[in-house]
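Have a look at the sequence and the fold before reading on.

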Amino acid sequence: MSQRVAFIGVGNMGAGMAANQVKAGRAVTAFDLSSAALDKAVAAGCKPAGSVAEAVADAEVVITMLPAGKHVRQVYEHDILPNAPKGALLIDCSTIDVDSARAVGEMATGFRFGDAPVSGGIMAADAGTLAFMVGCDEADYPAFEAALTPMARVVFHAGALGSGQAAKICNNMLLGVSMLGVCESLALAEKLGLDPTRFFDIASKSSGQCWSLTSYCPWPGPVEAAPSNRGYNGGFLTALMLKDLKLAQEAAAKAGAATPMGAQAEALYQLFDGLGYGQKDFSAMLQLMRGKLDELA
Ligand code: NAD
């Protein structure tokens with residue numbers, strides 16, 4: 001008999017992820033507060049449920065993909081933990097604060113709970129090529145890996161409970177900081193009269209090389225697949241980068257860690273979001289550095 005999966009939160013990311021569970025032959029029951037989101041999941045082969053309680057009632061695996069920590073805490077405390085069968089594998093794939101992930105895991109006695117946030121956006125969710133970083137007990141990890149594989153390009157065991165979220169925010173803080181460095185350098189190259197695409201050729205083969213430059217170049221042209229070639233539409237939204245940078249700063253303050261570059265990145269993305277560019281890809285920051293915001297439609 002196929003494995004019974006309950007999928008809670010089938011929005012932009014969850015829709016494709018649930019569809020890939022169906023494609024892997026699992027019996028997926030979905031629930032979302034939005035009927036439009038639920039209809040899309042049903043069209044992809046999920047069975048609809050009328051509530052979280054109904055969705056999880058006979059589930060072997062429960063996957064949540066929700067906006068933020070407060071939704072995750074509430075749904076687990078009031079709906080999932082009182083209604084899911086004991087022993088079920090509970091996987092939260094949302095990006096949330098480390099404390100909420102740990103608090104939910106500690107509440108989940110009698111279950112196997114793991115935090116498993118993802119790297120990759122809506123296209124990777126649809127294609128089943130997300131990277132998962134899992135925080136869970138070592139002994140439970142093989143079960144988490146097997147449950148996540150239909151949605152994944154790669155699955156990592158990051159460490160104990162909360163480590164998945166820790167890995168996610170550290171990675172995204174690094175990405176936010178490196179993108180700003182790339183934008184600033186390209187803007188300076190231009191001001192100094194250097195052709196930015198020539199600078200790209202040089203830096204991408206020199207010590208300035210990094211993913212933000214060579215795989216996601218904010219200057220239109222050198223990297224065909226980059227959002228800079230599509231008016232900075234799609235990609236990884238500034239608003240989501242800002243969310244992750246805020247989570248990183250919150251975690252750093254609690255841990256007493258000095259993250260001055262992360263703090264600066266948060267402030268700059270906050271400014272950019274406040275100027276109305278939250279729905280643009282985060283590499284559009286290049287145009288702020290160039291003083292050419294008018295080039296963003
Ligand atoms: P989304 O808003 O499109 O989807 C979230 C869904 O959860 C919505 O459909 C909403 O109706 C539903 N929901 C909210 N509260 C609920 C509840 N109590 N019960 C049932 N359903 C409920 O968001 P998304 O873009 O799919 O992101 C989901 C998570 O993934 C977030 O934590 C986000 O930070 C993370 N993430 C997003 C991306 C991305 O590119 N969109 C990439 C990586 C990680």
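What follows covers the ligand site, then the salt bridges, then a few single residues. Keep in mind that this is a predicted model.

**Around the ligand**

Let's start with the ligand and its neighbours. The shell around the ligand has 21 residues, and N12, M13, D32, L66 and K243 come nearest.

Where does the ligand lie relative to domain 1 (4–161) and domain 2 (166–296)? Both domains give residues to the shell, so the ligand lies between them. As for helices, α1 (12–23) and α11 (238–255) each supply at least two residues of that shell.

L66 works through its backbone instead, with an N or O atom 2.9 Å from a ligand oxygen atom. L33 also brings in a backbone N or O atom, this one 3.4 Å from a nitrogen atom of the ligand. How much of the ligand does the protein bury? The ligand exposes 830 Å² when taken alone, and the protein buries 83% of that.

**Salt bridges**

The structure holds seven salt bridges. Here are some of them, with the distance between the N and O atoms.

| Pair | N to O distance |
|---|---|
| D58 and R4 | 3.7 Å |
| D99 and K254 | 3.0 Å |
| R290 and E295 | 3.1 Å |

Take D58 and R4, whose closest N and O atoms are 3.7 Å apart. This pair links distant parts of the chain: D58 is in the loop between α3 (52–56) and β4 (61–64), while R4 belongs to strand β1 (residues 4–8), and 54 residues separate the two. D58 counts as partly exposed, because its relative accessibility is 44%. R4 also falls in the partly exposed class, at 27% relative accessibility.

Next comes the bridge between D99 and K254, with N to O at 3.0 Å. D99 lies in helix α5 (residues 98–107) and K254 in helix α11, so the pair ties together parts that are 155 residues apart in sequence. Is K254 buried or exposed? K254 is exposed, with a relative accessible area of 60%, whereas D99 is partly exposed at 35%.

The side chains of R290 and E295 meet too, at 3.1 Å from N to O. R290 is buried, because its relative accessible area is 10%, which is under the 20% cut-off. E295 has a relative accessible area of 48% and is partly exposed.

**A few single residues**

Y232 is worth a stop for its backbone. Its phi is near 60°, a positive value in a residue other than glycine. Y232 sits in the loop between α10 (211–214) and α11. With a relative accessibility of 3%, Y232 counts as buried.

S283 is another loop residue, placed between α12 (260–277) and α13 (285–289). S283 is buried, with a relative accessible area of 0%. How many residues lie between S283 and P82 in sequence, and how far apart are they in space? They are 201 residues apart in sequence and 43 Å apart, C-alpha to C-alpha.

R153 belongs to strand β9 (residues 152–159). R153 is exposed, because its relative accessible area is 60%, and the cut-off for that class is over 50%.

Last up is A68, in the loop between β4 and α4 (69–80). A68 counts as partly exposed, at 24% relative accessibility. Between the C-alpha atoms of A68 and M107 there are 18 Å, with the residues 39 apart along the chain.

How values were computed: Residues are numbered from 1 along each chain as its sequence is written. This is a predicted model: local features need pLDDT of at least 70, side-chain atom pairs count only at pLDDT 80 or more; totals for chains, interfaces and linings use all residues. Side-chain values use heavy atoms; hydrogens and water are left out. A residue is near a molecule or strand if one of its heavy atoms lies within 4 Å of it. A polar contact is a pair of N or O atoms within 3.5 Å; within protein, one must be able to donate a hydrogen and the other to accept it, and residues adjacent in sequence count only if both atoms are side-chain atoms. Accessible areas come from the Shrake-Rupley method with a 1.4 Å probe; for residues, only the protein chains shown count as cover. Helices (H or I, at least four residues) and strands (E, at least two) are DSSP runs, numbered from the N terminus. Domain bounds come from an automatic or database domain assignment. A salt bridge is a side-chain nitrogen of Lys or Arg within 4 Å of a carboxyl oxygen of Asp or Glu. Buried means under 20% relative accessible area, exposed over 50%, partly exposed in between (1.4 Å probe, protein chains only).
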